[in-house]
Amino acid sequence: MTIKIFFTVRDVVLASLMVLIPVGTALSYDAKHPNLFFNQREINEIKGKIREGREPWASQFLRLKASEDAYSAPPDVYDGPEVKEWRMKFELQDSEHAARNALIYVLTDDARYAERAKEFLVAWASGSLKRIQDYSHFEETNRRARVDAALRLSLGFRNFSNAYDLIYNNSHVLSLQDHVLIQSWLRRGYHLIKQGTLYWPQHVNRCHSVSNHVTAHLAGLSAIGFVLDDYELALEAIEGRNIPRNWKTAMEQAIYVSGERSSGCDSGRRPVTNVGEVFDRYRHYDVPGADPWSDANRGYGYSVLSAANLAATAEAAYHHGIDLYHYVAPRGEQLLLPGIYYSCFRQKFAGGRHLIQATGCRGEGGYVNEVMKDGYINFFDILAYRLHHDSRVTRAFDNLPDAARRFQPPEFFGKMFDRKEIAWNFHLDGIMEGWFVRPNGHVINARVRDGALSCDVVGGDPMLEAHRLSLNTDLYSVLKVRMKLDDGVNDGHAVPIQVFWIESGGGAYSNEKKAWTKGSVDGIYRIYQIDLKSCPEWKGTIEKLRFDPVTHAGVSVSIDSITLQY
């Protein structure tokens, strides 16, 4: 047998460039991108909403584009030991501009923005982390300088990783040399952040042990690992044992559950905790007696920020088949809990800056006289988007007009609470988006691939279920499904398509709580609409949905989307 091996010009060039990479370093080039915080299906969905003028997507995009069109300064690369310079130039300035320009590029297909993102990426990849090659090279001229360096690196590299992912596949913008340069630089960044995670617990007291710094470190590490398609690095941040706290242990320690006493700096001040509070609540006492408008005390703000950092890791993991949004720790900690707890405070306020006063929320005394800001809504947006509009989370938007939802961080852009619909679009391979097969043996081979949830029906009672929903029936009256039913014959015979539900408080599925329509077994994608209001029992808050796509065996089902609409 003769084996023929073909080499492309790119293969030869790539091989010649490999000598520039340290031994043991893998170069990622052919992996599927974008796929860090967005994939192409998600980008197309956001582009469609912008094109249709849907709010707040259209206004947010126009503000994003206008801000970058007005900024023409060149990259301001810094490679010295002063951490405050890394904060201003790397974290807050150039990495943000790189990510925003890359985002505009994928939403407009205008390569000028990809070139602008590349300008920042290549400038920093070629000009930084040469003098700083070890964490000890950061200054320690004051008590907090060096311990803060990992935070600045983590937030900046999260943005730069996002930018790199979004322009990754444009070979007219990024050359092979650029890929080598950027990936080597990202690995050096990972190494420094990891050193910072080891430095942190040794140089801060237990007050800060799982603060927003720790959750930001993990988001930075996971972003670099995933954008490099290096699962070993990414999984180290999520569940590894070579860092003091991985994502799972940090989440468990940062989110309070029933009966836990407070830890950290406020353990002696306010020992009572509420389910869903976050460790960073201690920041309410940073400067006792300070003017509330000075923003010196931010227990609410830092708690929501820390939860958003956890969500950033979850979002990157979600795009790689790892569902941390639905992960529940052994004691019950999960990302949903702070979404429920802190939404009670957020729902009391419209846009702008307001002082938190008496709210009627549990534990309100720990947040009174802090400033509520518009930016705090970002965590609730991404959580509502991924947990399909759990009404306990979306109440955060009750008094917030769309005009006040001004801007999201680049990694969450466009993924937000939609007042008009809830959609399960199955954009991410391997992610069932909260749906699962009822284990009665009538459905096999359930999987999400290429934008569809597919399964084979081998019995007469196939059931797909979604639990832990908390849906307000006043907001939704129609279930719309885009689906294909294929039995190999495809003669178009009609079958019932059914949806059942269970309200909060329990109970069982029944024909009294059911709505249906007719489907066609013809091998063609069709849109089916089920009028939920046709059933008088569509009322209250729904905890569980059950979808039966057909009522007999021998059919392959492909579901492109399931949507609840007003």
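This is a predicted model: local features need pLDDT of at least 70, side-chain atom pairs count only at pLDDT 80 or more; totals for chains, interfaces and linings use all residues.

Biologist: Which parts of the chain does the pair link?

Modeller: Distant ones: C344 is in helix α12 (residues 336-346), while C361 is in the loop between β1 (354-355) and β2 (371-372), 17 residues apart. Helices (H or I, at least four residues) and strands (E, at least two) are DSSP runs, numbered from the N terminus.

Biologist: How far apart are the sulfur atoms of C344 and C361?

Modeller: They sit 2.1 Å apart.

Biologist: And how many disulfides does a search of the whole structure find?

Modeller: One.

Biologist: Are C344 and C361 buried or exposed?

Modeller: Both C344 and C361 are buried. Buried means under 20% relative accessible area, exposed over 50%, partly exposed in between (1.4 Å probe, protein chains only). C455 counts as buried too, because its relative accessibility is 1%, and C535 is buried with a relative accessible area of 8%.

Biologist: Switching topic, what does the secondary structure come to?

Modeller: The protein has 14 helices and 14 strands. Its radius of gyration (over C-alpha atoms) is 25 Å, close to the 24 Å from the globule rule (2.2 Å times the number of residues to the power 0.38) for 566 residues, so the protein is as compact as a globular protein of that length.

Biologist: What share of the 566 residues is buried?

Modeller: Buried residues account for 57%. As for contacts (heavy atoms within 4.5 Å) between residues at least 6 apart in sequence, 73% join residues at least 24 apart.

Biologist: One more spot: where does G519 lie?

Modeller: G519 is in strand β11 (residues 514-521). At 4% relative accessibility, G519 counts as buried.

Biologist: Which residues does G519 touch, not counting those up to four places away in sequence?

Modeller: G519 touches H493, A494, V495, I497 and Y528. P496 is 23 residues from G519 in sequence, and the two are 5.9 Å apart in space, C-alpha to C-alpha.

Note on methods: Residues are numbered from 1 along each chain as its sequence is written. Side-chain values use heavy atoms; hydrogens and water are left out. A disulfide is a pair of cysteine sulfur atoms within 2.5 Å.
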